[in-house]
Amino acid sequence: MFDLSLFFSKELQIFSLFGNPMSLIELLGTTTGLLCVYLASKNHTLTWPFGILTSICFFFLFFQIQLYSDMLLQIYFFGSSVYGWLVWRKRTGVYVKIQSLGRSKNLVLVVVILLGTYILGQLTSRLPLWLPRIFVKPPEFLYWDAFTTVGSIVANFLLAQRKLESWFLWVFVDVVCITIYSLKEIPFVTLEYIVFLLIAFYGCHHWYKEYKQNQNFI
């Protein structure tokens, strides 16, 4: 009988890439993640079921490598993917048109992201004080790392709401991620986020084009 726990285990290695072992759950999480971002840039509703699969894979993966914050973040991504799927389809099969937040709401958005980044950075900086046995070393790239977390949550929510600004925010998040991962010398993750950045640029172009077409019909 097939052991389901083995399927979610990082120890289930299927091949090596440049000397780095690749587990099945890593491969599935990365593949579905790329498909999720690409389909979102194409304005396709299948982005959300792939997002659900990605969050499940990464939840178990991050648990096994002790990245508990990223593990908990997958719960949000799972819920937001279900929410986005429902919003995009509205259970009627009718797509929701792409809209812009507008100047005033964009200013509020910037304030929310900056405030959220500061609060999360402050909380993260205190983890070694509150839980020294778990968080032995202080966090690196404190506020930049906080920005990518807050920015990802906000961008994902805007994507579910089919707001044009979601892709512009993803561009900023991806650029910061690429810089951090490059400085941390994790080249494969850096390469993956370079792909995400290219897709985000495409998403900006594709969504803006459809947004302008919708405006012409108003």
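Q: Helices here are DSSP runs of H or I with at least four residues, numbered from the N terminus. Where does phenylalanine 135 lie?
A: This is a predicted model. In it, phenylalanine 135 lies in the loop between helix H6 (127-130) and H7.

Q: Is phenylalanine 135 buried, exposed or partly exposed?
A: Partly exposed, because its relative accessible area is 29%, and that class runs between 20% and 50%.

Q: Stepping back, what does the secondary structure of the chain come to?
A: The protein chain has 9 helices and 2 strands. Along the sequence the pattern reads α-β-β-α-α-α-α-α-α-α-α.

Q: And what percentage of the residues count as buried?
A: 37% of the 218 residues in the protein chain.

Q: Back to H7. How many residues does H7 have, and how far does it reach?
A: H7 has 19 residues and reaches 28 Å from its first C-alpha to its last. That is close to the 27 Å expected at 1.5 Å a residue.

Q: Which residues of H7 are buried?
A: Ala146, Phe147, Thr148, Val150, Gly151, Ser152, Val154, Ala155, Asn156, Leu158, Leu159 and Ala160.

Q: Asparagine 156 is on that list. Which side chain makes a polar contact with the side chain of asparagine 156?
A: The side chain of serine 80, at 2.5 Å. Serine 80 is found in helix H4 (residues 68-89).

Q: Does serine 80 count as buried or exposed?
A: Buried, because its relative accessibility is 7% and the cut-off is under 20%.

Q: What comes just after H7?
A: Arginine 162, which takes a positive phi of about 60°. Arginine 162 is not a glycine.

Q: Where is arginine 162, then, and is it buried or exposed?
A: Its place is in the loop between H7 and H8. Arginine 162 counts as buried, because its relative accessibility is 1%.

Q: What about lysine 163, buried or exposed?
A: Lysine 163 is buried, with a relative accessible area of 15%. Lysine 163 lies in the loop between H7 and H8.

Q: How far apart are lysine 163 and isoleucine 98?
A: In sequence they are 65 residues apart, and in space 5.8 Å, C-alpha to C-alpha.

Q: How many nonpolar, polar and charged residues are in the lining?
A: The lining of the second largest pocket has 10 nonpolar, 2 polar and 1 charged residues.

Q: Next, H3. What should its residues span, and how far apart are the end C-alpha atoms?
A: Helix H3 (residues 47-64) has 18 residues, which should span 26 Å at 1.5 Å a residue. The end C-alpha atoms are 26 Å apart, so the two agree.

Q: Which residues of H3 are buried?
A: Thr47, Trp48, Pro49, Gly51, Ile52, Thr54, Ser55, Cys57, Phe58, Leu61 and Phe62.

Q: What relative accessible area does phenylalanine 58 have?
A: Phenylalanine 58 has 16%, under the 20% cut-off, so it is buried.

Q: And how far is the C-alpha of phenylalanine 58 from that of methionine 71?
A: The two C-alpha atoms are separated by 6.9 Å, and the residues are 13 apart along the chain.

Q: Last topic, cysteines. How many disulfides does the count come to?
A: The count comes to 0 disulfides. The rule asks for a pair of cysteine sulfur atoms within 2.5 Å.

Q: Are cysteine 177 and cysteine 204 buried or exposed?
A: Cysteine 177 is buried, with a relative accessible area of 4%. Cysteine 204 is buried as well, with a relative accessible area of 8%.

Technical notes
Residues are numbered from 1 along each chain as its sequence is written. This is a predicted model: local features need pLDDT of at least 70, side-chain atom pairs count only at pLDDT 80 or more; totals for chains, interfaces and linings use all residues. Side-chain values use heavy atoms; hydrogens and water are left out. Buried means under 20% relative accessible area, exposed over 50%, partly exposed in between (1.4 Å probe, protein chains only). The expected span of a helix is 1.5 Å times one less than its number of residues. Ala, Val, Leu, Ile, Met, Phe, Trp, Tyr, Cys and Pro count as nonpolar, Asp, Glu, Lys and Arg as charged, and the others, Gly among them, as polar. A polar contact is a pair of N or O atoms within 3.5 Å; within protein, one must be able to donate a hydrogen and the other to accept it, and residues adjacent in sequence count only if both atoms are side-chain atoms.
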